[in-house]
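Subject: Structure handover

Hello,

Here is the structure I promised to pass on. Please open it next to this email and follow along.

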Amino acid sequence: MELIITFSIIVIVIVLIFILARRQQSAKAPTLLRPFSAHKALKGQVGRAVESASRLHISLGRGSLIGAANPVSLSAVSILDRLAQDGCANDTPPITTVGDGTLLPIADNHVRFAAELAGNSNRLPNGTIQFVADSNNPFTYAGGVTNVIQQEKILGNILVGQFGQEIGIITEVASRNQINQVIGSDDPLALAVATTATDDIMIGEELLASPAYIEGKPFQIASLQVQDILRVVVGLAILGTAVYKLVTG
Amino acid sequence: MLRRGLPLAIAVIFGILTLVGLLFGLPEISNLILGWAAFLAGIALFLGVVNLLAVHTSRFLRNRPVGGGNVYSGVLVISWLIVFGLGIADLFGWTNNAMNQAFQWVQVPLEAALASMLAFFLILSGLRMLQGRRTVWTTLFFVTAVLVLFANAFISSPFLPGSLNQLALQFRNLIQNLIVTAGIRGILIGVALGIITLTVRILIGVERPYNK
């Protein structure tokens, strides 16, 4: 039974994505996505960094690519990709810190590709991409990231990926240095802690939706629409179950 | 063509194989693939250590006086060398479990110290939030946090009457079991739906974050 349900969900999602993507491709006007403040803030970060001759700091968290945090980490990488392209084009590549070994090659790849596109691949400063600590030592990771924030001339602090409560230490140091912050995570505890530091927060699914917001491909937008449909279905299922339980006692 | 096509093919094939292994109860397939992935993750961790050393050795040797950053880098490199030396000594039997003992004596207390400071950082951060952003939501956030703190104190206080203890317990349970749990589940359901659609996009080859 479980197999049938899982298989059905996957097939339904794939079919819906294809149908809605076809509609997207044939639509004359682009679909408008719901605005959210963190995404707007991200767009403004690079511009401000270039104006003030500063760099952005992006931390991709501690989510391993071979674990359950893979989707969250990949979404964070898509944010890095866009910011690296904008930053390298203006000769201010973002300082990127990672808290898991598997994130290092992918982050390095994206930043170097962005530098190549901008024609300055040989001029990436030392420490542009840094492995800080292993994912099993969250507070060591937080300590390492705060060291980067303190040492470098940073205008914006972008924390996207998997974080836990150690994010509080990073945000506190960034706040003391009056650095703008954008935070995105899937961990409710990290999000609660981050709420005290900034308004620009990507809550769970908003972080996962960021590739669609950044690239805006028809398939990505279609998958957001599927997500909305699934959300309504899940919501109705929860309500229906609650009413059923209430009625039957 | 090959540069873009090969990683895409590898990702889609191994994604589908892992899914099939999990769906149809074939742990041999998924375990084999996860074993390879864990091996690659081990190599990535080694690269991470090399990166860490390269960045900090370079910073240390350049001797740039930016806020004493080179001193921290020096401490890191020297600490790494000491721990590495202890690991070698353990390996050859010159010392007994020295690397783990160094970890227990230095790393664990330092991490615990940082963790214990978190509560104070959060209070400061909450106060700063209330100063800088006075909205209905920030006020609600702060008031709730303070009330829950007081409720926790009242629950464990032996000096208060039992009825007040009970009231504090009910209030805390209302906040934690109903409002907080509902919020957390809402976030987690959203994350789960986001993960489903993102994973499907990767499986059908539409999303290629690994490929530049």
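How many helices and strands are there in chain A? Chain A has 10 helices and 6 strands. Keep in mind that this is a predicted model.

**Chain A as a whole**

The radius of gyration of chain A is 20 Å. The globule rule gives 18 Å for 249 residues, which is close, so chain A is as compact as a globular protein of that length. Its C-alpha trace spans about 60 × 45 × 30 Å along the principal axes. Of the 249 residues in chain A, 54% are buried. Now take the contacts in chain A with a separation of 6 or more. Residues 24 or more positions apart account for 70% of them.

**The core**

The largest nonpolar core has 82 residues. Which of them touch the most other members? They are A:L60, A:L80 and A:A107. Helix α3 (residues 70–89) of chain A supplies the largest share of this core, with 9 residues.

Leaving out residues up to four places away in sequence, A:L60 touches A:S73, A:A76, A:V77 and A:L80, among others. Its partners also include A:T96, A:V98, A:L103 and A:A107. A:V160 and A:G161 are on the list too.

**Helix α6 of chain A**

Next, go to helix α6 (residues 167–176) of chain A. Is this helix mostly covered or mostly uncovered? Mostly covered: 9 of its 10 residues are buried. The buried residues are A:I167, A:G168, A:I169, A:I170, A:T171, A:E172, A:V173, A:A174 and A:S175.

What do they pack against? In chain A, the partners are α5 (138–151), β4 (154–162), β5 (180–185) and α7 (188–195).

**Two residues with positive phi**

After α6 of chain A comes A:Q178. A:Q178 lies in the loop between α6 and β5 of chain A. Its phi is positive, about 55°, although A:Q178 is not a glycine. A:Q178 counts as exposed because it has 7 C-beta neighbours inside 10 Å, and the cut-off for exposed is 12 or fewer.

B:N97 has a positive phi of about 60°, and B:N97 is not a glycine. Where is B:N97? B:N97 sits in the loop between α3 (69–91) and α4 of chain B. B:N97 is exposed, with 11 other C-beta atoms within 10 Å.

**Where the chains meet**

The contact between the chains takes 62 residues from chain A and 50 residues from chain B. Which helix of chain A gives the most to the side that touches chain B? Helix α10 (residues 218–248) does, with 8 residues. By class, that side of chain A has 29 nonpolar, 27 polar and 6 charged residues.

**The domains of chain B**

The domain assignment of chain B gives domain 1 (1–96) and domain 2 (133–212). The C-alpha centres of domain 1 and domain 2 of chain B lie 34 Å apart. Their contact takes 7 residues from domain 1 and 6 residues from domain 2. On the domain 1 side, those residues divide into 5 nonpolar, 1 polar and 1 charged.

Best wishes

Methods. Residues numbered from 1 in each chain as written. Chains lettered and ligands numbered in written order. Predicted model: local features only at pLDDT ≥ 70, side-chain atom pairs only at ≥ 80, totals over all residues. Contact = placed C-beta atoms within 7 Å. Helix = DSSP H or I, 4+ residues; strand = E, 2+ residues; numbered from the N terminus. Nonpolar A, V, L, I, M, F, W, Y, C, P; charged D, E, K, R; others polar. Buried ≥ 20, exposed ≤ 12 C-beta atoms within 10 Å, placed from the backbone. Domains from an automatic or database assignment. Rg over C-alpha atoms; globule rule 2.2 N^0.38 Å. Core = buried A, V, L, I, M, F, W, Y, C linked by C-beta atoms within 7 Å.
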